[in-house]
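Before reading on, take a moment to look over the sequence and the 3D structure together. The paragraphs below move from annotated positions to the ligand and then to some details of the backbone.

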Amino acid sequence: MAAFCRGRYRWKRTNCSQFVTRNLTGTFEYHLVVIGGGSGGLACSKEAAQLGQKVAVLDYVEPSVKGTKWGIGGTCVNVGCIPKKLMHQAALLGTALNDAQKYGWEIHGPISHNWRTMAEAVQNHVRSLNWGHRVQLQDKKVKYLNVKGSLVDEHTVKCLSKAGKEETLTAKNIVIATGGRPKYPTHVPGAIEHGITSDDLFWLKETPGKTLVVGASYVALECAGFLTGIGLDTTVMVRSIPLRGFDQQMAGLVTDYMEAYGTKFCWRSVPKSVAKLSSGALQVTWTDTQTGQDKQDTFDSVLWAVGRVPETKSLNLENVGVQLNQESGKIFVGADESTSVPNIYAFGDVGEGRPELTPTAIKAGKLLARRLAGQTSELMNYDSVPTTVFTPLEYGCVGLAEEEAERRYGKDSIEVYHAFYKPLEFTVSERDASRCYIKVVCERSGDQKILGLHFTGPNAGEVTQGFAMGFRCGATLTHLKETVGIHPTCAEELTKVNISKRSGLDPTVTGC
Ligand SMILES: Cc1cc2nc3c(=O)[nH]c(=O)nc-3n(C[C@H](O)[C@H](O)[C@H](O)COP(=O)(O)OP(=O)(O)OC[C@H]3O[C@@H](n4cnc5c(N)ncnc54)[C@H](O)[C@@H]3O)c2cc1C
């Protein structure tokens, strides 16, 4: 096998027959060392190993402030997408139980939810995924090290074990995929001592009880949504706007629905302090920024969902020459995920300007591995990544928000088609469908290329995923209208939009 030998900063391929530990000849132990075994790091390391590269992946979880820890797999598996979607499902089932009675199911006795049962089941599933990842790494001959990595120089990684043992690894290429962690506000007394974050929520053994969720990101709204859905008294505190970066009309529908669903909102409010009372309850004081008045209430839990910080601080990046955005703490990356040091790459949540989403991290990681192995020159395309917010009323979208399309193209150069529709399933159960809405933002001229597609309603992720492919292929309004619907579905309604906002006509869909 060819190994990679080096002079001081120069590279040449040699015919060394095996890898040896870093020694006088300067041969590297690995083609690739990946720091971070989350969505991106695991995908990258497995792909590289499959392509014949010698790979090591380092994954280490720093316990949360509350001491919560978890296994390999990163945010998505342990404290993100997976437990979140399962708890969202728990909430949807609660709503379905109510619907069920209208459909003839006879449910005797009161319906109640048991956090412990749900949490145990979710946590067991997560542990099975941790195990699955370890097995896959073994099968693919990726060396997995449960150690904290940092850079010594551009080819050397320091590994620090939990027991404090240190060793170094050398590699031709190094990949940083260390993701991010939730932020705590530093200016709110009591916030850190008494609050939790999404890193803790999914691993709680007991119900969080009456909960204040601070923040209005998708993480905040999703958590508040499922907490409400399983019957907990839940309040969301919003400083400015919900779902920043998303289409604001759609964001309004999502939060309106949540309010009707039972989530309480404290709009335009900022937390001031959190104090623990002798009863154990948390007394939260906040300021209503519109009136300037302070208000108070007590909660069992305060969940901070006020943003995330990239895990870049302890990597010794800058000393090795890897440039960071000083404000965001993220790593400046090129289109090929390269950093300012030629053989060091970064992607996923640590990459400046990258979407903080699992599928983009996975795809970017696989493509990087293929490029490093000389299999392809294909770059990750980060344009128009579809996504879905798993709130009680789900919201899926791909492409531009209406306000962003207006900003880029001008109001007169876009046409927005929309429809309020009623999912068939909502009729018998008499569920409120007033926020089930579709919006297709198009160019105004020609075939009316679709610029953005937005959908609120059941299974928004499934609906949006399909249309995202059409979008990727450059779909126009004509294509959408030519598409035959699948009856009777909610997705079908997208193929039928024909009322433009400009026309001022009622966009409510009537009939079937
Ligand atoms: C509550 C929540 C819900 C989410 N829901 C969705 C969703 O529905 N869909 C979606 O697409 N995305 C979702 N995300 C985002 C998604 O989880 C992340 O974008 C994705 O996990 C990022 O992958 P990554 O590989 O960049 O980092 P991560 O998955 O975070 O992995 C990084 C890993 O590196 C480890 N690490 C850090 N520093 C070191 C070090 N020095 N040495 C060794 N290891 C280290 C970390 O412990 C971690 O295991 C959600 C996130 C949250 C918080």
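What follows is a guided reading of this model, one region at a time.

The model is a predicted one, in which local features need pLDDT of at least 70 and side-chain atom pairs count only at pLDDT 80 or more, while totals for chains, interfaces and linings use all residues. Residues are numbered from 1 along each chain as its sequence is written, and side-chain values use heavy atoms, with hydrogens and water left out.

Gly-149 belongs to strand β6, residues 148-153, where strands (E, at least two residues) and helices (H or I, at least four) are DSSP runs numbered from the N terminus. With a relative accessibility of 8%, Gly-149 counts as buried, a word that here means under 20% relative accessible area, whereas exposed means over 50% and partly exposed lies in between (1.4 Å probe, protein chains only). Leaving aside residues up to four places away in sequence, Gly-149 touches Ile-35, Leu-58, Val-157, Lys-158, Ser-314 and Leu-315, contact being heavy atoms within 4.5 Å.

Asp-349, by comparison, sits in the loop between β19 (344-346) and α10 (358-372), and at 18% relative accessibility Asp-349 also counts as buried. Its contacts, again not counting residues up to four places away in sequence, include Gly-179, Gly-180, Pro-310 and Lys-330.

Which residues are the closest to the ligand? Among the 36 residues that surround the ligand, the closest are Gly-40, Asp-59, Thr-75, Lys-84 and Asp-349, where a residue is near a molecule if one of its heavy atoms lies within 4 Å of it. The protein covers 95% of the 1000 Å² of accessible area that the ligand has on its own, with areas taken from the Shrake-Rupley method with a 1.4 Å probe. Elements giving two or more residues to the shell around the ligand include α1 (39-50), α3 (81-102) and α7 (218-229), while α2 gives the most, with 4 residues.

Finally, some backbone details deserve attention. A cis peptide bond, with omega of about -10 degrees, joins His-487 and Pro-488, and Pro-488 lies in the loop between α14 (477-482) and α15 (491-494). Glu-337, although not a glycine, has a positive phi of about 70 degrees; Glu-337 is in the loop between α9 (317-320) and β19, and counts as buried at 0% relative accessibility. Asn-459, likewise not a glycine, has a positive phi of about 55 degrees and counts as partly exposed at 48% relative accessibility.
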